[in-house]
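Keep the sequence and the structure open as you read.

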Amino acid sequence: MSGLLSFMSFVICVALVGAAWVAIRSTSLPMAILAAGLVSLLASLMFLILAAPDVAMTEAAIGCGLTTFLFFFVLGRVRGGEHD
Amino acid sequence: MTKRIFVFGMLIGLGAIFIDLLLSYTPDSALNQTARYYAERTATDLGAANIVAAVIVTYRGLDTLGEVTVLFLTAAILVMVLYRDHGIGINKIPNRFLPPTGEMLGTGSRLLVPLILLMGVYLFANGHLTPGGGFQGGAIIASAVLLLLLTNPNQTFNLQLFSLTESISGIGFVVIGVLGMFFAGGFLDNRIFPIGQLGELFSAGAIPVIYTLIGLKVGAEFSSILVHLSEEKEES
């Protein structure tokens, strides 16, 4: 792996751990959901750098796309309890 | 306090395992025996340009059938839990109050939904040539359905069509696998159709057919899960 690529993967890994920390510790739920989606997005970038485009696609479509919106669906359903 | 110490000890142990893995890591200089077999024989034996697709659909096809079955069970159980009969053929309570959809979302979804659908179909139809395949394509098709749902949650979908697509693709997958037992080397062998020229769209035998079936099945399953989840379930 060349120097630039390993530097990029180092930055991505640090950002991944940071996003995971935000997802766990954040007090606002939408923020936590978005941070969890960011973890998936960065993981799919990592898969792409490690030459696994098939896995990267799955991670981006399911982990980052569908799961994030599923969480928002559920959040809206739980929140909107008063007048929905 | 003891709980804290316990958690801290667990974390240290886990970290020690990972550091040991990292320090003892030496990159392989050559492919191992199985990987070399796949890398050398895929193009000549199966005619698939994408080795990952050949492994998923043909060499390890039975595992894929298991995965598809697990996904089918998940969808079936979700629908069983969430299903509410609202009367004759109506799966939504109409006129539920909703804030108006923004201009950006409405226009954007009209522009993007056909493109996203096309992207999904491209991914599973070209799965044997380029990275991608049935699962990815199906998930992308489901995200187009999700965009439609976000734009207008009162939208009704033809759920019968979803379940029909799902059943037909699942049965087709198994039938192609069984046909491989009679006309080729074994269950899910892709050489029941001519292998063709490496790199052409119509090549690699049954792999594009199976991937298309998987894509339709996964797309229909995810879409029906999303539609059921977004349905209004209060008996008001």
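Q: In this predicted model, is Ala51(A) buried or exposed?
A: The relative accessible area of Ala51(A) is 65%. Exposed means over 50%. Ala51(A) is therefore exposed.

Q: Where in chain A does Ala51(A) lie, and what is its phi?
A: Ala51(A) sits in the loop between α2 (29–49) and α3 (53–79) of chain A. Most residues other than glycine have a negative phi. Ala51(A) is not a glycine, yet its phi is positive, at about 65 degrees.

Q: Are α5(B) and α6(B) roughly parallel or roughly antiparallel to each other?
A: Helix α5 (residues 103–125) and helix α6 (residues 134–151) of chain B have axes 8 Å apart. They pack at an angle of about 165 degrees. Angles over 145 degrees count as roughly antiparallel. So α5(B) and α6(B) are roughly antiparallel.

Q: How many nonpolar, polar and charged residues are in the contact of α5(B) with α6(B)?
A: Residues in α5(B), including Leu112(B), Ile116(B) and Phe124(B), meet residues in α6(B), among them Ile141(B), Ala144(B) and Leu148(B). By class, the contact has 15 nonpolar, nine polar and no charged residues.

Q: Is Gly219(B) buried or exposed?
A: Gly219(B) is in helix α8 (residues 207–230) of chain B. Its relative accessible area is 3%. Buried means under 20%, so Gly219(B) is buried.

Q: Which residues is Gly219(B) in contact with, leaving aside its neighbours within four places in sequence?
A: Thr165(B) is 54 residues from Gly219(B) in sequence and 9.4 Å away in space, C-alpha to C-alpha. With those sequence neighbours left aside, the contacts of Gly219(B) are Gly138(B), Ile141(B) and Ala142(B).

Technical notes: Residues numbered from 1 in each chain as written. Chains lettered and ligands numbered in written order. Predicted model: local features only at pLDDT ≥ 70, side-chain atom pairs only at ≥ 80, totals over all residues. Heavy atoms only, no water. Helix = DSSP H or I, 4+ residues; strand = E, 2+ residues; numbered from the N terminus. Buried < 20%, exposed > 50% of the residue type's maximum accessible area, 1.4 Å probe, protein only. Contact = heavy atoms within 4.5 Å. Axes fitted to C-alpha atoms, helices over the stretch in contact; angles between N-to-C directions. Parallel < 35°, antiparallel > 145°, perpendicular 65-115°, else oblique. Nonpolar A, V, L, I, M, F, W, Y, C, P; charged D, E, K, R; others polar.
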